[in-house]
Amino acid sequence: MAKVEWSAGIDTVSGALSKPGSNPQHSCNKMLLGTHRVAATENPNCNRLYLRKKVKRSTAVTSRELAARTRFSEVQAAVNERVKDLSKIAADRAAFLAQKDTAGGKKTMKAYLWYVCGAEYDQQHS
């Protein structure tokens, strides 16, 4: 395995550094992925780089995947709308703070709103 030494000011790299795109003039053929592992180990070199070839999907999108994509986009729109709704902000904040420190409680306001809006979506579409 190669060892990566970073320039001054760069401690870690995590995520896709380059992605293969549909435009051949502005993309590469391989994905360069950097990971940073945070774990208690004896090895201080916990940054890794991976190269991955561009992959073309071999199967059709299933109805289950389409339903999951639809749910995600509709819940996301509901969360964005709820964040901007002035009539619900105080009640949402109070409900969030009440559940935050309980077992299984959502630790961020965004996670709480995703939970609430996801439950509303599931109730309407079940």
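**Salt bridges and aromatic pairs**

Arg 82 is placed in helix H1, where helices (H or I, at least four residues) and strands (E, at least two) are DSSP runs numbered from the N terminus. The model is predicted, so local features need pLDDT of at least 70 and side-chain atom pairs count only at pLDDT 80 or more, while totals for chains, interfaces and linings use all residues. Residues are numbered from 1 along each chain as its sequence is written, and side-chain values use heavy atoms, with hydrogens and water left out.

Q: Why does Arg 82 count as buried?
A: Buried means under 20% relative accessible area, exposed means over 50%, and partly exposed lies in between (1.4 Å probe, protein chains only). Arg 82 has a relative accessibility of 14%, and therefore counts as buried.

Q: Which residues does Arg 82 touch, not counting residues up to four places away in sequence?
A: Under that exclusion, Arg 82 touches Lys 88, Asp 92, Leu 113, Val 116, Cys 117 and Glu 120. Contact here means heavy atoms within 4.5 Å.

Q: What makes Arg 82 and Asp 92 a salt bridge?
A: The term requires a side-chain nitrogen of Lys or Arg within 4 Å of a carboxyl oxygen of Asp or Glu. The closest N and O atoms of Arg 82 and Asp 92 are 2.8 Å apart, and the pair forms a salt bridge. Arg 82 lies in helix H1 and Asp 92 in helix H2 (residues 86-100), so the pair ties together parts that are 10 residues apart in sequence. Asp 92 counts as buried because its relative accessibility is 5%. Salt bridges with shared partners join Arg 82, Asp 92 and Glu 120 into one network.

Q: How many salt bridges does a search of the whole structure find?
A: The search finds 4 salt bridges. Among them is that of Arg 71 with Asp 122, whose closest N and O atoms are 2.8 Å apart. This pair links distant parts of the chain, with Arg 71 in helix H1 (residues 63-84) and Asp 122 in helix H3 (residues 109-124), 51 residues apart.

Q: Why is Arg 71 called partly exposed?
A: Arg 71 has a relative accessible area of 30%, and is therefore partly exposed. Asp 122 is also partly exposed, because its value is 36%.

Q: What makes Glu 65 and Arg 57 a salt bridge?
A: The closest N and O atoms of Glu 65 and Arg 57 are 2.7 Å apart, and a salt bridge is formed. Glu 65 is partly exposed at a relative accessible area of 28%, and Arg 57 is partly exposed at 43%.

Q: How many aromatic pairs does a search of the whole structure find?
A: The search finds 2 aromatic pairs.

Q: Why is the pair of Phe 72 and Trp 114 called tilted?
A: Rings of Phe, Tyr and Trp (its six-membered ring) pair if their centres lie within 6.5 Å; planes under 30 degrees apart count as stacked, over 60 as edge-to-face and the rest as tilted. The centres of Phe 72 and Trp 114 are 5.2 Å apart and the planes stand at 35°, so the pair is tilted. Phe 72 in helix H1 and Trp 114 in helix H3 are 42 residues apart.

Q: Why is the pair of Phe 96 and Tyr 112 called tilted?
A: Their ring centres are 6.1 Å apart and their planes are at 55°, so the pair is tilted. Phe 96 is in helix H2 and Tyr 112 in helix H3, 16 residues apart.
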